[in-house]
Amino acid sequence: MLDPANSPIGPWTDIYLLGSVLYEVLAERPPHFGESMLSLVHNIVRGPTMPDHDPELVRICSRAMASDPAQRFESALQFRLALQDYLKHEGARAIAAKADDSFANWQERRKSGDEVGADAAFAESRFGYRAALEAWPGFEHAETQLRDLDLQMVQAELDAGNVESALSLIHI
(Lines give C-alpha, C1' and ligand atoms only; values in the text may rest on other atoms or scores of the structure.)
Protein backbone atom coordinates (compact mmCIF):
# COMPACT_ATOMS: atom_id res chain seq x y z
CA MET A 1 0.00 0.00 0.00
CA LEU A 2 1.25 3.47 -0.82
CA ASP A 3 2.09 5.82 2.03
CA PRO A 4 -0.64 8.48 2.47
CA ALA A 5 2.01 10.89 3.76
CA ASN A 6 3.81 10.79 0.41
CA SER A 7 0.88 10.80 -2.00
CA PRO A 8 -2.51 12.53 -1.82
CA ILE A 9 -4.30 9.83 -3.81
CA GLY A 10 -4.33 6.09 -3.30
CA PRO A 11 -6.48 3.27 -1.97
CA TRP A 12 -7.28 5.39 1.11
CA THR A 13 -9.10 7.88 -1.13
CA ASP A 14 -11.23 5.05 -2.53
CA ILE A 15 -12.14 4.05 1.02
CA TYR A 16 -13.13 7.65 1.79
CA LEU A 17 -15.34 7.67 -1.31
CA LEU A 18 -16.98 4.39 -0.26
CA GLY A 19 -17.65 5.95 3.13
CA SER A 20 -19.10 9.01 1.40
CA VAL A 21 -21.54 6.83 -0.54
CA LEU A 22 -22.58 5.11 2.69
CA TYR A 23 -22.95 8.53 4.33
CA GLU A 24 -25.23 9.72 1.54
CA VAL A 25 -27.38 6.59 1.89
CA LEU A 26 -27.70 7.15 5.66
CA ALA A 27 -28.11 10.95 5.68
CA GLU A 28 -29.95 11.27 2.35
CA ARG A 29 -27.55 14.04 1.40
CA PRO A 30 -23.88 14.20 0.44
CA PRO A 31 -21.35 14.58 3.26
CA HIS A 32 -19.98 17.81 1.82
CA PHE A 33 -22.23 20.52 0.47
CA GLY A 34 -22.50 24.28 0.44
CA GLU A 35 -24.39 27.16 -1.09
CA SER A 36 -21.12 28.70 -2.27
CA MET A 37 -17.58 27.53 -2.92
CA LEU A 38 -16.48 29.08 0.37
CA SER A 39 -19.15 27.27 2.40
CA LEU A 40 -18.35 24.03 0.57
CA VAL A 41 -14.66 24.32 1.45
CA HIS A 42 -15.60 25.18 5.04
CA ASN A 43 -17.76 22.03 5.27
CA ILE A 44 -14.98 19.90 3.80
CA VAL A 45 -12.42 21.22 6.29
CA ARG A 46 -14.80 20.88 9.24
CA GLY A 47 -15.75 17.36 8.20
CA PRO A 48 -19.20 15.85 7.95
CA THR A 49 -21.56 15.56 10.90
CA MET A 50 -22.43 11.91 11.12
CA PRO A 51 -26.10 11.10 10.65
CA ASP A 52 -28.26 9.93 13.53
CA HIS A 53 -28.45 6.27 12.61
CA ASP A 54 -27.56 2.82 13.89
CA PRO A 55 -24.31 3.28 15.90
CA GLU A 56 -22.58 0.28 14.32
CA LEU A 57 -23.26 1.54 10.80
CA VAL A 58 -22.18 5.07 11.75
CA ARG A 59 -18.90 3.65 13.14
CA ILE A 60 -18.24 1.96 9.78
CA CYS A 61 -19.00 5.19 7.95
CA SER A 62 -16.87 7.28 10.33
CA ARG A 63 -13.92 4.95 10.01
CA ALA A 64 -14.10 4.97 6.21
CA MET A 65 -14.25 8.79 6.21
CA ALA A 66 -11.65 9.40 8.92
CA SER A 67 -9.66 12.56 8.29
CA ASP A 68 -6.45 10.62 8.95
CA PRO A 69 -6.07 8.11 6.08
CA ALA A 70 -4.17 5.75 8.39
CA GLN A 71 -7.36 5.39 10.49
CA ARG A 72 -9.48 4.24 7.52
CA PHE A 73 -10.07 0.66 6.43
CA GLU A 74 -6.96 -0.63 4.69
CA SER A 75 -8.89 -1.92 1.69
CA ALA A 76 -12.28 -2.03 0.05
CA LEU A 77 -12.40 -5.68 1.11
CA GLN A 78 -12.13 -4.70 4.79
CA PHE A 79 -14.89 -2.11 4.28
CA ARG A 80 -17.08 -4.75 2.62
CA LEU A 81 -16.42 -7.26 5.40
CA ALA A 82 -17.43 -4.65 8.01
CA LEU A 83 -20.70 -4.09 6.14
CA GLN A 84 -21.29 -7.84 5.86
CA ASP A 85 -20.68 -8.21 9.58
CA TYR A 86 -23.21 -5.44 10.18
CA LEU A 87 -25.79 -7.24 8.03
CA LYS A 88 -25.06 -10.54 9.77
CA HIS A 89 -26.27 -8.99 13.04
CA GLU A 90 -29.49 -7.57 11.59
CA GLY A 91 -31.61 -10.25 13.25
CA ALA A 92 -30.13 -9.59 16.69
CA ARG A 93 -30.75 -5.86 16.31
CA ALA A 94 -34.38 -6.52 15.31
CA ILE A 95 -34.90 -8.78 18.35
CA ALA A 96 -33.36 -6.14 20.62
CA ALA A 97 -35.61 -3.44 19.12
CA LYS A 98 -38.68 -5.51 20.05
CA ALA A 99 -37.20 -6.03 23.50
CA ASP A 100 -36.75 -2.24 23.75
CA ASP A 101 -40.49 -1.85 23.06
CA SER A 102 -41.30 -4.42 25.75
CA PHE A 103 -38.95 -2.64 28.17
CA ALA A 104 -40.78 0.65 27.57
CA ASN A 105 -44.10 -1.19 27.95
CA TRP A 106 -42.91 -2.66 31.27
CA GLN A 107 -42.01 0.81 32.56
CA GLU A 108 -45.40 2.22 31.52
CA ARG A 109 -47.38 -0.67 33.04
CA ARG A 110 -45.40 -0.44 36.26
CA LYS A 111 -46.24 3.26 36.58
CA SER A 112 -49.92 2.59 35.90
CA GLY A 113 -50.06 -0.17 38.51
CA ASP A 114 -50.76 -2.96 36.01
CA GLU A 115 -48.69 -5.64 37.75
CA VAL A 116 -49.81 -8.54 35.55
CA GLY A 117 -49.06 -6.61 32.34
CA ALA A 118 -45.79 -5.35 33.80
CA ASP A 119 -44.68 -8.88 34.68
CA ALA A 120 -45.45 -10.07 31.13
CA ALA A 121 -43.62 -7.11 29.58
CA PHE A 122 -40.63 -7.70 31.87
CA ALA A 123 -40.46 -11.36 30.81
CA GLU A 124 -40.78 -10.43 27.12
CA SER A 125 -38.04 -7.82 27.26
CA ARG A 126 -35.69 -10.02 29.28
CA PHE A 127 -36.26 -12.94 26.91
CA GLY A 128 -35.70 -10.65 23.91
CA TYR A 129 -32.39 -9.26 25.16
CA ARG A 130 -31.16 -12.75 26.00
CA ALA A 131 -32.18 -13.98 22.54
CA ALA A 132 -30.39 -11.05 20.92
CA LEU A 133 -27.26 -11.88 22.93
CA GLU A 134 -27.49 -15.51 21.92
CA ALA A 135 -27.67 -14.45 18.26
CA TRP A 136 -24.86 -11.93 18.71
CA PRO A 137 -22.63 -12.53 21.74
CA GLY A 138 -21.16 -9.26 22.96
CA PHE A 139 -23.97 -7.11 21.49
CA GLU A 140 -23.36 -4.02 23.60
CA HIS A 141 -26.86 -2.53 23.34
CA ALA A 142 -28.54 -5.76 24.45
CA GLU A 143 -26.05 -6.23 27.30
CA THR A 144 -26.58 -2.67 28.54
CA GLN A 145 -30.37 -2.82 28.26
CA LEU A 146 -30.57 -6.21 29.98
CA ARG A 147 -28.44 -4.94 32.85
CA ASP A 148 -30.58 -1.78 33.11
CA LEU A 149 -33.81 -3.80 33.00
CA ASP A 150 -32.60 -6.12 35.75
CA LEU A 151 -31.43 -3.22 37.93
CA GLN A 152 -34.72 -1.40 37.53
CA MET A 153 -36.66 -4.54 38.41
CA VAL A 154 -34.47 -5.17 41.46
CA GLN A 155 -35.14 -1.58 42.56
CA ALA A 156 -38.88 -2.00 41.94
CA GLU A 157 -38.91 -5.17 44.06
CA LEU A 158 -36.95 -3.46 46.84
CA ASP A 159 -39.32 -0.45 46.72
CA ALA A 160 -42.25 -2.87 47.10
CA GLY A 161 -40.55 -4.52 50.09
CA ASN A 162 -39.95 -7.78 48.20
CA VAL A 163 -36.36 -8.36 49.31
CA GLU A 164 -36.39 -12.07 48.47
CA SER A 165 -37.64 -11.36 44.94
CA ALA A 166 -34.94 -8.71 44.50
CA LEU A 167 -32.28 -11.15 45.68
CA SER A 168 -33.56 -13.85 43.33
CA LEU A 169 -33.23 -11.42 40.41
CA ILE A 170 -29.64 -10.64 41.36
CA HIS A 171 -28.82 -14.35 41.13
CA ILE A 172 -30.42 -14.94 37.71
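Me: In which helix does S102 lie, and is S102 buried or exposed?
Reply: In this predicted model, S102 lies in helix α5. Its relative accessible area is 11%, and buried means under 20%, so S102 is to be classed as buried.

Me: Which residues does S102 touch, not counting residues up to four places away in sequence?
Reply: Contact here means heavy atoms within 4.5 Å, and residues up to four places away in sequence are not counted for S102.

Me: Is I15 buried or exposed, and which residues does I15 touch, not counting residues up to four places away in sequence?
Reply: I15 lies in helix α1, and at 1% relative accessibility I15 counts as buried. Not counting residues up to four places away in sequence, the residues that I15 touches are A64, R72, F73, S75 and A76.

Me: Where is F73 found, and with which residues is F73 in contact, leaving aside its neighbours within four places in sequence?
Reply: F73 is found in the loop between α3 and α4, and at 6% relative accessibility F73 counts as buried. Leaving aside neighbours within four places in sequence, F73 is in contact with I15, I60, R63, A64, Q78, F79 and A82.

Me: What separates the C-alpha atoms of F73 and P137?
Reply: F73 and P137 are 64 residues apart along the chain. The separation of their C-alpha atoms is 24 Å.

Me: Is D68 buried, partly exposed or exposed, and how far in space is D68 from W12, C-alpha to C-alpha?
Reply: D68 has its place in the loop between α3 and α4. With a relative accessible area of 37%, D68 is partly exposed. D68 and W12 are 56 residues apart in sequence, and from C-alpha to C-alpha they are 9.5 Å apart in space.

Me: How are α3 and α4 oriented to each other, roughly parallel or roughly antiparallel?
Reply: The axes of helix α3 (residues 55-64) and helix α4 (residues 76-88) come within 10 Å and cross at roughly 175 degrees. Angles over 145 degrees count as roughly antiparallel. The orientation of α3 and α4 to each other is therefore roughly antiparallel.

Me: Which residues make the contact of α3 with α4, and how many of each class does the contact have?
Reply: From α3 the contact takes E56, L57, I60, R63 and A64, while α4 gives Q78, F79, A82, L83, D85 and Y86. Sorted by class, the contact of α3 with α4 has 7 nonpolar, 1 polar and 3 charged residues.

Me: Which residue other than glycine has a positive phi near 60 degrees?
Reply: Most residues other than glycine have a negative phi. The residue to look at lies in the loop between α1 (11-27) and α2 (37-46), and with a relative accessible area of 72% it is exposed. The residue with that positive phi near 60 degrees is E28.

Me: With which residues is E24 in contact, leaving aside its neighbours within four places in sequence?
Reply: E24 is found in helix α1, and a relative accessible area of 40% makes E24 partly exposed. The C-alpha atoms of E24 and P51, 27 residues apart along the chain, are separated by 9.3 Å. Leaving aside neighbours within four places in sequence, E24 is in contact with R29 and P30.

Me: What volume does the largest pocket have?
Reply: Among the residues that line the largest pocket are D54, R93, W136 and H141. The elements that give two or more residues to this lining are α3, α5 (90-112) and α7 (140-159). By class, the lining has 5 nonpolar, 2 polar and 5 charged residues, and the volume of the largest pocket is about 280 Å³.

Me: Which residues lie nearest the centre of the second largest pocket?
Reply: The second largest pocket has a volume of about 230 Å³, and its lining has 5 nonpolar, 2 polar and 6 charged residues. Of the 13 residues that line the second largest pocket, those nearest its centre are R110, E115, D119, A156 and E157.

Terms used
Residues are numbered from 1 along each chain as its sequence is written. This is a predicted model: local features need pLDDT of at least 70, side-chain atom pairs count only at pLDDT 80 or more; totals for chains, interfaces and linings use all residues. Side-chain values use heavy atoms; hydrogens and water are left out. Axes are lines fitted to C-alpha atoms, for helices over the stretch in contact, and angles run from 0 to 180 degrees between N-to-C directions. Helices (H or I, at least four residues) and strands (E, at least two) are DSSP runs, numbered from the N terminus. Angles under 35 degrees count as roughly parallel, over 145 as roughly antiparallel, 65 to 115 as roughly perpendicular and the rest as oblique. Ala, Val, Leu, Ile, Met, Phe, Trp, Tyr, Cys and Pro count as nonpolar, Asp, Glu, Lys and Arg as charged, and the others, Gly among them, as polar. On a 1 Å grid over the protein atoms alone, a cavity is a set of points where a 1.4 Å probe fits but cannot get out, and a pocket is an open set with protein on both sides within 12 Å along at least five of seven lines; lining residues have an atom within 4 Å of a point. Grid points are joined across faces, edges and corners, and a volume is the space filled by probe spheres set on the points. Buried means under 20% relative accessible area, exposed over 50%, partly exposed in between (1.4 Å probe, protein chains only).
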